[in-house]
Amino acid sequence: MIAIIAEKPSLARNIVAGLGTLTKKNGYFENDKYIVTWAFGHLFSLCDVEDYSFPEADKPNNTDISEADEPSTERKKQKWTMDNLPCYPKKFRFRLKSDDDGVKKQFETIRKILNRDDVTEVVNAGDSDREGEIIIRLCVSNAFGGDEYKKPFYRLWLPDQTPETVKKAFSEMKHEKEYSLLADEGFARTYIDWLYGVNLTRYVTLKTGSLLRVGRVIVPIVKAIYDRDTEIENFVPEIYYSLTSKAETNGEVIELTSKYKFSKDEKAKAERCCERMNILPATVTEKKTKKEVLAPGKLYSLTKLQNFLGKKYKMPMEKSLAVTQKLYEEGYVSYPRTNSEYLATNEKDKIKKIISDVASLGYPVCFKDKKTIFDDSKIESHSALTPTYKIPKKNALSEDENLVYSAILRRFVAVFCSEDCLTEKTELTVSLGGKEDYSLKGTVIIQPGWTKYDGVDKKDKLLPNLNKGDRVNVNFKPEEKQTTPPKHYTIETLNNYLKNPFKSDKADQDNDEEDYKAIFKGLELGTEATRTGIIENAKKNGYISLKKDVYSIEKEGRYLIEQLEEMKISMDKYKTSELGQALKKVFHGEITVSDGVALAEKEISEVFDREKTESTGFFGQKIGVCPICGKDVVKGKYSFGCTGYKDGCAFRINKTILGTTLLLSDAVKLLTDGITDKMSFTSKKGKAFDAKLKLDKENKIVFDFS
C-alpha cells in the first residue's frame, strides 16, 4: 500500500480524482493500492520560549528535528520576561499547532496510517514549494518518532491539480532525498523567522509596554511605506519655469517643450530666453515612419497578476491570492505562487493541449516556440500562471473568480494569439535654428491582433501631418510649474519594490534580467508565497492601511519604526536581503541550516549586547525620584514620567528632545545630579548645537550652554 499525505483536503480529493476509485473513510480515502489522507496546512508549529528548559536553550544551536512536544500549560501562563531572552534553542522543537480536537484527530489518523504494516511507501503531496515540503515532512517525521525515512519516502510534484497532471506526476515521482535542500531552505526560513519574531517582538514589547510584532520581513515592508510617506509629508514644492510652445501649424497645435528650466526667481530671464527662441526658425529636419509588431505582455507571475488586479479592479493582494488559490484547487489554473513569467521547455506538449482546448472556445491561438515564452533560465521552481485544459463551465465561477480567471486566460490568449498586433510608429524631429531639437513620437495600431483580448497600456498619440522641410510655428512662453512629491506606494509599486528593492527607478522596466537575478540570489523582500500574508499581517496589526490600491503608514506603524530606530535596531532591506541570500545559499547547498541560523543569532545578539551599554530602559522601570512631589519617575511610552500624575504632578522628561533620543543613563543623571553630560541637538531650523540638559529652580528642563 502507498500512503499519500496531501497538504489540504481539497488536494486530497483532486489526487483521488486522478487515481481512480477510492472509498472514503474517516479522515482518508482507500482502495487496494492507495491510501490518501491529508493535513490542514501546518499541523505543527515551533515551540514557544516557555516550552524550552533554561539555561539549556542558551547553548549552541543544533537544528535537528525532534518529536512533537506538548506545550507546558504552566509555562504558557508565564508573563514575558527578559530572563529567558535571547532564546537560541539547542534543538528546535515542534508541537501540534492547535489544541483543537480536529487537528489532534487528523494527525492521529496520519500516524496510524503510516505505521500500518501493509503501508510500504509514503508520498509527500504537499504544495510544490518549500512550505509544502516541510509541512508534510513534519507530519511524517513525528508520525515515525523522528525518522522520516523509516519507510521509502517519495515526492509528488504537481504544477496543477487536474486529474491528468496527477496521473502523470505519479509516474515521475522522485525520492524525497532529491528535495532535501528545498526542505533545508524551508526549515532555515522557519527557524530564522522564529528567532527574529520571538526574540525581538518580546524585547521591543517589554521595552515599550506596547505589543509590537517585529519580524524579518514585516519591518522592512512597514519601513518602506513609512519612509515614503515621511518623504511626502516633508516635501516642500519648488516653483520653476518651463519653456513651452503651443502654437498652431496648419490648424494643428504642436506642443514643444524646451530642455531649459528656470528657477522661480528667474522669470524675467526665462522671458528673455523665450524672445530669443521665438525669432529662430523651426523646421522638420527628419521624419521616420515604420511598421512594427507590438509584442504582448509576458505570462503572469503571481506578483504581476496581483499588480494588474490591484490597478484595474482595486483588488487587495490577499483576495487575489485567495481567489487564484481556489481556482488552482479547482483545477482551472496552474500553481499560483510562482515568481516566473516563463514556461519550462519540457511543458511544450502540455501547452499545445491547452492551446487546443482554448482554441475550441473560439480564440485565435496557435503554438509559438519562443525564448520570450519558454526559458528554463528564468524559472526557479514553478512556471508562469496559465489556464489548464480544464475549462470552467458557464456560471461555474463567482464574480471575483471570473475576473481572476479571465485575466489569466486573456493573457494566455494574447501570448499565443495567431494574429499579430501591427503598429505604425512615426517620429518627427523639429530643429529650432539648429540650437535645440525636439522629438515627437506617435504610435497608431493598424491591426489590433492580441489587443482585442488583453488590451495594451500604450495609448495612441496622433502626430500632425508634417513632412521633412516643413516650417513649424513657435510661440515659447514661460510656464509656471512646481516640483511634485513622490507618490504613495500602490499594490503595483510596492510589489515591484519588494520583488527587487535594489532596482533603480531609472532602470529599463521591460528588461527583466535584473529582476530574475535578484530572485535567484534571494535579494527580494519576502517571497511570492509569503509576501501577501505578511502585508496582510501588517494591516491587521494597524501598521499600514490600504485604501483602494494605495498603502499608507498608520500611527502604530510610525511608532514601531521610530521605536526600533530609538533602540538602534536595524531591520532594513539590506539586513533582510542578507538573510534572504543566506536562505538561497542553503537551497544551493553552499551553507548549512546551522550556518544560516548562526547568522540570525549573531544579528540578534548585537541588539541584546547593546542593551547592556546603551539602554533606553524598560516600560514601567523606576529611574529615580520626582524633584517636585517625591514620587517615583518611571519609563512610559513617550517619556519618563512621574507616577504622581493622577494627583496632578506634571513632571516628565521627554524621551526625544530636538531629534536626540535620551538614554536611560541620561534621564537618571538628570534626576540624580540635576544636569546631564553634553549632548548634540538640532534646532527646529536645522542648526546643530551642543548643550547639557539641566533642571532649573522650578524643576523645568532647560538647555545649559556653559
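Helix H4 (130–143), helix H6 (180–208) and helix H18 (573–587) each contribute at least two residues to the lining of the largest cavity, where helices (H or I, at least four residues) and strands (E, at least two) are DSSP runs numbered from the N terminus. The model is a predicted one, in which local features need pLDDT of at least 70 and side-chain atom pairs count only at pLDDT 80 or more, while totals for chains, interfaces and linings use all residues. Residues are numbered from 1 along each chain as its sequence is written, and side-chain values use heavy atoms, with hydrogens and water left out.

On a 1 Å grid over the protein atoms alone, a cavity is a set of points where a 1.4 Å probe fits but cannot get out, a pocket is an open set with protein on both sides within 12 Å along at least five of seven lines, and lining residues have an atom within 4 Å of a point. Grid points are joined across faces, edges and corners, and a volume is the space filled by probe spheres set on the points. Five cavities of 30 Å³ or more are found in the structure.

The largest cavity is lined by 19 residues, and those nearest its centre are Asp-129, Asn-339, Glu-380, Ser-381 and Thr-527. Thr-527 also belongs to the lining of the second largest cavity, as do Arg-130, Glu-185 and Lys-584, among others; H18 provides the largest share of that lining, with three residues.

In the second largest pocket, 41 residues form the lining, and Lys-97, Arg-189, Asp-193, Trp-194 and Asn-537 are the closest to the centre. H6 gives the most to this pocket's lining, with eight residues.

The table sets out volumes and lining classes, for which Ala, Val, Leu, Ile, Met, Phe, Trp, Tyr, Cys and Pro count as nonpolar, Asp, Glu, Lys and Arg as charged, and the others, Gly among them, as polar.

| Space | Volume | Lining by class |
|---|---|---|
| Largest cavity | about 290 Å³ | four nonpolar, six polar, nine charged residues |
| Second largest cavity | about 110 Å³ | three nonpolar, four polar, five charged residues |
| Second largest pocket | about 1600 Å³ | 16 nonpolar, eleven polar, 14 charged residues |

Turning to the sheet, three strands form an open, antiparallel arrangement in the order S11-S10-S15, two strands being paired if DSSP finds at least two bridges between them. Strand S10 (residues 239–249) pairs with S11 over nine bridges in the antiparallel sense, and Tyr-241 has Phe-262 of S11 as its bridge partner.
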